[in-house]
Amino acid sequence: MMAGAGGGNDFQWCFSQVKGAVDEDVAEADIISTVEFNYSGELLATGDKGGRVVIFQREQESKNRLLSRGEYNVYSTFQSHEPEFDYLKSLEIEEKINKIRWLPQQNAAHFLLSANDKTIKLWKISERDKRADGYNLKDEDGRLRDPFRITTLRVPVLMPMDLMVEASPRRIFANAHTYHINSISVNSDYETYLSADDLRINLWHLEITDRSFNIVDIKPANMEELTEVITAAECHPHQCNVFVYSSSKGTIRLCDMRAAALCDRHSKFFEEPEDPSSRSFFSEIISSISDVKFSHSGRYMMTRDYLSVKVWDLNMENRPVETYQVHEYLRSKLCSLYENDCIFDKFECCWNGSDSAIMTGSYNNFFRMFDRNTRRDITLEASRENSKPRAILKPRKVCTGGKRKKDEISVDSLDFNKKILHTAWHPKENVIAVAATNNLYIFQDKMN
Amino acid sequence: MVARGQKRKLHREDEGRGSARESQLQSVLDISMDKFLRDQALVEPCLLRSVLINNTLRQVQSEVRAQVESLSAVKIPMKLKPEPDFTQLSPPAEHNASLSSPNAENTEDDFMVWTSEEDFSLSSAISAILKDLDAVIDAGQGPCASQRAPLRSVENLTPCPPRTERTSAVASSAKTELMCPGRPQDAALDKLLLDIDPSVFEPELNLLQGFSVTADDLVKYLPSLSKSPSASSSSSLVSNGQAMWEIQEIEHVMDILMRTYPQS
């Protein structure tokens, strides 16, 4: 499931598409803040800092194009959130979309949840390709007809029309979060979902917007005593009573909603003991978990901290079963990264469909993939230079010291403004979406 | 028995490691305080970021305390001669009379003894004064308390050479300011004073009340972070991070403080 140097069962990643402006000047509103495939992989949604959601749909695989899979084209674009002003606190609420989560498809329409810092919205995306013609009470222009002038009745006929994709907000879940929402997760019961902010986690019913249940609250009575916040949360993919949440101290708590109404007491507590030899002033900051994701199987979960990705077996709390170094060469630069705020960057991570590989982003528009079976890893780059159709991506390497080989890049030459924070892997195929600032890259495996 | 030369060599290695650690401590402190203050100015700082910076500052604080404690454990056994009577430091107006110049006329040992004793007496006196002043200032001033950058200013009081490039420019300019009697006393005083608890003005989201750099803490950590010019000339004089304030500067500071707030 991984790109390799070639040969044998290895396959290679190729460029497929890139979406977004080519300009050097990036408009802040265009910066992509979340990427998510739907359950079938047919749709790919992105949210940006300007509060917009853009959904791409994969075209049907045509017989003519055997060498590549269908391309993703824009399906729908809509403004999900607008900037708001909290008059009580004199605060502006950013419209930036923090997370998008799809609901499983149950009818012809598609549903997704999108969240900014304070509000979650349920959007219905539906197609309309027919219109009714021949109304009795209104004429062709839509003007109402005088009912007393109607002498005959007719049955309206459905006529084809150009496909129109409409997005409409069906529910607005507001006023439940004092702090900034960092996660939303749809439960496996397809009826409820959770939303998490820095200090609290709420459980919602998709049909009910005027109330939610608070299931985790770590706010101390005295805010002076606050030393730890919630950084991410996710529902278990199969057990609708189980969810996990991660913290800024590098811990993960698994909670069972059957145990108590308020899940402040965890059922399981995952933490890796600190290596005393590598302790520094930045140990805590780099241990802060920026993302947590269950495997599709539900047996494992993956966490991302600043320098590594860890895979945990839910049955073993005292240490992860696998640890992958993303960019260990940054360990000696932590002071500078603290100074320029890069140490606070929140990288996400994702599983492939079969849970055999994991992917996460890094700097310089690099992203990393790890094969859990072969233990091989690869670094690839999302750049316009490698943007020729079906161009094979060349593995990249960062030189950590000594003599720099050809094609290697030294640590000091890395561009820390080009960060890949959001990536997504198609649920069934080897197609990945990588958000590089304001561009969305789609890569796929080379079909031999 | 270990030869004297070998002992010294070990000591120098220790110093090398220690100074690297110290310089990182200094950097982390500078950066953290800078971020802390910037975030204070924001209407709604990011909670995760605030907590992480806060915890880092606490870590630095505890490291500094540990250093000071280890220094005090080292200093006391080194007393060789009866030290001058420093009890007269408590009323600071008499400070000028009781102390003589620390400059290099003394022998090495005397100097260490004297400065270590002076340090602690001075520290306690200054911290007491600063505490009182803080109480007064905090009561008097409102939100503008958060505008000051107190830590940096106190660092400015240490004599040159400055420790890092970052603080050097500020150090020299502030020092000049302090030395000029014609300058507005408020500006000098502002720079001296600590920003105890600006978060009292921001109830909900500001959790940094937990990290309040008291005058006590500040003065405690100063000895371990600053180095005096005389230290560079005689390396054995100053153990890692021992503060040595020029008496004239201290007197000047005292004068300013007393003139502005005579009641304390």
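## Close-up views of a predicted two-chain model

View 1. Residues are numbered from 1 along each chain as its sequence is written, chains are lettered from A and ligands numbered from 1 in the order in which they are written, and side-chain values use heavy atoms, with hydrogens and water left out. A search of the whole structure turns up 18 aromatic pairs over all chains. Rings of Phe, Tyr and Trp (its six-membered ring) pair if their centres lie within 6.5 Å; planes under 30 degrees apart count as stacked, over 60 as edge-to-face and the rest as tilted. Trp13(A) belongs to strand 1 (residues 13-19) of chain A and Trp425(A) to strand 30 (residues 422-425) of chain A, so this pair links parts of the chain 412 residues apart. Helices (H or I, at least four residues) and strands (E, at least two) are DSSP runs, numbered from the N terminus.

**View 2. Phe37(A) pairs with Tyr72(A)****.** The ring centres of Phe37(A) and Tyr72(A) are 6.0 Å apart and the planes lie at 70°, so this pair is edge-to-face. Phe37(A) sits in strand 2 (residues 32-37) of chain A and Tyr72(A) in strand 5 (residues 72-79) of chain A, so the pair ties together parts 35 residues apart in sequence. Phe37(A) counts as buried because its relative accessibility is 7%, and Tyr72(A) does so at 1%.

View 3. Phe15(A), Phe367(A), Tyr441(A) and Phe443(A) are linked into a cluster by ring pairs. Elsewhere, the charged end of Arg372(A) sits over the ring of Tyr300(A), 4.7 Å from its centre. For this, NZ of Lys or CZ of Arg must be within 6 Å of the ring centre and within 35 degrees of the ring normal.

**View 4. Where chain A meets chain B.** The contact (heavy atoms within 4.5 Å) takes 33 residues from chain A and 28 residues from chain B. Together the chains bury about 2,700 Å², 61% of it on carbon and sulfur atoms; buried area is the accessible area (1.4 Å probe) that two parts lose on being put together, summed over both. Glu224(A), Phe281(A) and Tyr338(A) supply 29% of the area that chain A buries against chain B, more than any other three residues. Over the ring of Tyr338(A) sits the charged end of Lys35(B), 5.5 Å from the ring centre. There are 2 salt bridges between chain A and chain B, each a side-chain nitrogen of Lys or Arg within 4 Å of a carboxyl oxygen of Asp or Glu. Asp341(A) forms a salt bridge with Arg49(B), where the closest N and O atoms are 2.9 Å apart. The model scores ipTM 0.91 and pTM 0.71.

**View 5. Confidence along chain B.** The mean pLDDT (the predictor's confidence in each residue, from 0 to 100) of chain B is 54, and 22% of its residues reach 70 or more. Among the elements of chain B, helix 2 (residues 47-75) has the highest mean pLDDT (88) and helix 5 (residues 150-156) the lowest (32).

Key. Predicted model: local features only at pLDDT ≥ 70, side-chain atom pairs only at ≥ 80, totals over all residues. Buried < 20%, exposed > 50% of the residue type's maximum accessible area, 1.4 Å probe, protein only.
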